[in-house]
Each structure stands twice: as structure tokens, then as C-alpha cells.
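Below is a set of questions and answers about one structure, each setting a computed value against the criterion behind the term.

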Amino acid sequence: MNLERKLKVGIIGATGMVGQRFVTLLADHPWFEIKALAASARSAGKTYAQACENRWKMDVDIPADVAKMEVMDIHQIEDVTSKVDMVFSAVDMTKEEIREIEDSYAKAETPVVSNNSAHRWTEDVPMLIPEINDDHCIVIEAQKKRLGTDRGFVAVKPNCSIQAYVPLLAAWEEFKPTELAISTYQAISGAGKTFREWPEMVENIIPYIGGEEEKSEKEPLKVLGKVKEGKIVNKDGLRITCQCLRVPVLNGHTASVFIKFAENPTKEELIDRISKFKGYPQEEDLPSAPKQFIHYFTQDDRPQVKLDVDLENGMAVSVGRLREDSVYDFKFIGLAHNTLRGAAGGAVLCAETLVAKGYINHKE
């Protein structure tokens, strides 16, 4: 698919870590062009470079044309939406405030693709991993009726930590996974931090991340669920328990997973399904899609964050150490880049999917 002209996009919450990641990903995107940046009132009126002074966390410079753009007030919704066809949301507010502002942008007839968790449990808001549940997009029609909009809606991507294991559940669906016990080892960028800002994380592990275990246990059920009568119904027959730890890694969430199946797959069958698994982004050759969604490593010491987190521009999932277990059926290690596949990159891929399916288009 080729667009005759790029879609005009805005980023609300543009000065935070995920907002900055959106800026770097969209700077040279073939389908999207940044036309508006919005943040809190304290950043409004400044150039983006001024607003991010001493706060820029990416390992590349701010794109020159974006650096000169004036940051708008996120609450000046009419001003922001007048400039764009859609917005990406990375705002840092309470859940209630996020739901309100994202709905307000949608009601201003501007689609919102959000990295935030506030709308993940709204029944008519699709929570997309596009390779797995692109069919959930159909629920947008029910949401637009509720909001009273013609083109405005909200779509979200799920929690960053589940990207390291939920794709495997989709690849192995025919074998009917029934139970998982998981520990995730999550990078500090998931908290919007660098080591300079969080020196106490050096040589340290913190065995608690607020709210993360509930997300890791419950969000997969919605991703793997079905659309019925205008809402998404969670998958049944699957139990997940999870512990989440913060570890001294900058980027990359690793998952140690133990899994039971109702059927009895062999290791060879499981690896075969991984190698063959693909979804809508691969079929449509979307700009941000990895060519191979899930990569399986045969080496005992892979995947590793330093070697594998940036695989396919950080959009692929890495898996290794798949083997039979003495209590569960199998166990494996998964790895995903938390701010690319798990955050801004995943949201961009969601937006590309929505464009390709006709849910996002030019306002005029």
C-alpha cells in the first residue's frame, strides 16, 4: 500500500520518553508527517528543543525540523486537531484524565492511537498487537456510535511486558495453552528512566513494579479474545500468574515462561509454528512490520538483551531455551524491546494497520 500524500499526525505528551520515541520513529516515516506537538502548559509556547532541554533521552539528536516546532497546550484540543488527521497519545496523567482527554480528541473527529493503559479495559476500544488480533478493529464501529463520531475513535496497544510471550500463545493456539507461570525482568526505560536519572538501579533489582503484574496476567486475555455484539470478550480457559521485576537494563523486557497445553505438542511442532507465524502487518508489508515476527534461537545463551533486543529495528520478538519441563509441559525465554515493539513502535504499527484497513484517512 502506498499513500499519495502523507497523513498529518500529532503527538500529545510529546516531551516524555515515549513521546520522544514517537518523534524519532515518525521523523522519516513514509506514511506519517509530524504537524503538531502538544504537552503540558509548562512546555506550551516553547520550541520542542527548549521543552526537551536536559530531558532528551534518545540516543539520536532531535530531528532538526521537529526541534524548531512550537509545543502546543495539550488541552487546546481544537487548535491541535485542526492541524492533524490523527494523534498518537503518550500523556502522563491519571487514568481518569487520560480517558477524558483521549475521548475529547476522538470526539473532535481525530483518531487517537494510544500508548497509555487508561482505555485498555474499555470494551469497545481495541487493544492491538496487529499480528494477533487485527480483526478486533471492527469494534471501532460500535465505539464511534457510543462517542457520536464519524471518524474519531481511540485504539490502544497493550502493556510492553506481554509482548515477550503473548505472540507465542497466538502461534501455539492450536495446541490450546491453558496455564502460564511467568516472571518478567523489565528494563528501566519502561519507567521512563535512564541510569543517569535512576542511579540506584545500577547493580540492583527491585522485585515490584506497581500495577504491572495485573496487566501482565489480564491483558493477554483481551488480546486473545473475540469481538461479540460490539465489544471485546476475554478469552476463557487460560490462566496466567506473573511476577514482575525491575532489572538494571536500559531497554528490553525479558520473560521466563512456564506453559501447559490441553493438547500435546512436540518441541519440533512448537518451533515450526514459531517460524511460520505471521499476521496482517507481514501480509500487507506495513512500513514498521518485522519481516519475521518471532525469531527462535537454538543457542543455549540466547536471546540476550545486548545481542537481540534491536532485532528488526526493535520490532521482532526473540525466543529461546524452549524445552520440556518437569512440572509444566514446556518452558522458554522471550525478549521484546519495550519502547519500540512494546510502546511507541507498537503504536505506530497499530496506526499503520488502521490506515491500511481504512479506519484512519485524511480529513480533507
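Q: Where does Pro281 lie, and why is Pro281 called buried?
A: In this predicted model, Pro281 has its place in helix H11, which spans residues 280-283. Buried requires a relative accessible area under 20%, and Pro281, at 0% relative accessibility, therefore counts as buried.

Q: What touches Pro281, once residues up to four places away in sequence are set aside?
A: Contact asks for heavy atoms within 4.5 Å, and by that criterion Pro281 touches Pro130, Glu131, Leu286, Ala289, Leu349 and Thr353. Val309 lies 28 residues from Pro281 along the chain, and the C-alpha atoms of the two are separated by 20 Å.

Q: What makes H1 a largely enclosed helix, and which of its residues are buried?
A: Of the 10 residues of H1, 8 are buried, so the helix is largely enclosed by the rest of the structure. The buried residues are Met17, Val18, Gly19, Gln20, Arg21, Phe22, Val23 and Leu26. What covers them includes strand S1 (7-12), strand S2 (32-39) and strand S4 (86-89), together with helix H2 (48-51), helix H3 (64-67) and H14.

Q: Which elements give two or more residues to the lining of the largest pocket, and which residues lie nearest its centre?
A: The largest pocket, with a volume of about 1100 Å³, is lined by 42 residues, and Val18, Ala90, Val91, Asp92 and Asn116 lie nearest its centre. The elements that give two or more residues to this lining are helix H1 (17-26), H5 and helix H9 (212-223), and the largest share, 3 residues, comes from H1. By class, the lining divides into 12 nonpolar, 19 polar and 11 charged residues.

Q: How many cavities of 30 Å³ or more does the structure hold, and what lines the largest?
A: The structure holds 1 cavity of 30 Å³ or more, and about 30 Å³ of space lies in the largest cavity. Its lining consists of Leu128, Ile129, Pro130, Lys157, Pro158, Gln163, Arg341 and Gly346. Because Gly is counted among the polar residues and Lys and Arg among the charged ones, the lining comes to 4 nonpolar, 2 polar and 2 charged residues.

Q: How do you know that the buried residues of H7 lie on the same side of the helix?
A: In helix H7 (residues 140-147), the buried residues are Ile140, Gln143, Lys144 and Leu147. They cover an arc of only 100 degrees around the axis, which puts them on the same side of H7. These buried residues pack against helix H5 (95-107), strand S6 (154-156) and helix H14 (344-356). H7 is followed by Gly148, whose phi is positive, near 75 degrees.

Q: Why is the pair formed by Tyr48 and Trp56 called edge-to-face?
A: A search of the whole structure finds 9 aromatic pairs. For Tyr48 and Trp56 the distance is 6.2 Å centre to centre, with 85 degrees between the planes. Pairing requires centres within 6.5 Å, and planes over 60 degrees apart count as edge-to-face, so the pair of Tyr48 and Trp56 is edge-to-face. Tyr48, at 0% relative accessibility, also counts as buried.

Q: Which residues form one aromatic cluster?
A: Trp172, Phe175, Phe261, Phe330 and Phe332 form one aromatic cluster.

Definitions and conventions
Residues are numbered from 1 along each chain as its sequence is written. This is a predicted model: local features need pLDDT of at least 70, side-chain atom pairs count only at pLDDT 80 or more; totals for chains, interfaces and linings use all residues. Side-chain values use heavy atoms; hydrogens and water are left out. On a 1 Å grid over the protein atoms alone, a cavity is a set of points where a 1.4 Å probe fits but cannot get out, and a pocket is an open set with protein on both sides within 12 Å along at least five of seven lines; lining residues have an atom within 4 Å of a point. Grid points are joined across faces, edges and corners, and a volume is the space filled by probe spheres set on the points. Buried means under 20% relative accessible area, exposed over 50%, partly exposed in between (1.4 Å probe, protein chains only). Helices (H or I, at least four residues) and strands (E, at least two) are DSSP runs, numbered from the N terminus. The arc is that of the directions from the helix axis to the C-beta atoms. Rings of Phe, Tyr and Trp (its six-membered ring) pair if their centres lie within 6.5 Å; planes under 30 degrees apart count as stacked, over 60 as edge-to-face and the rest as tilted.
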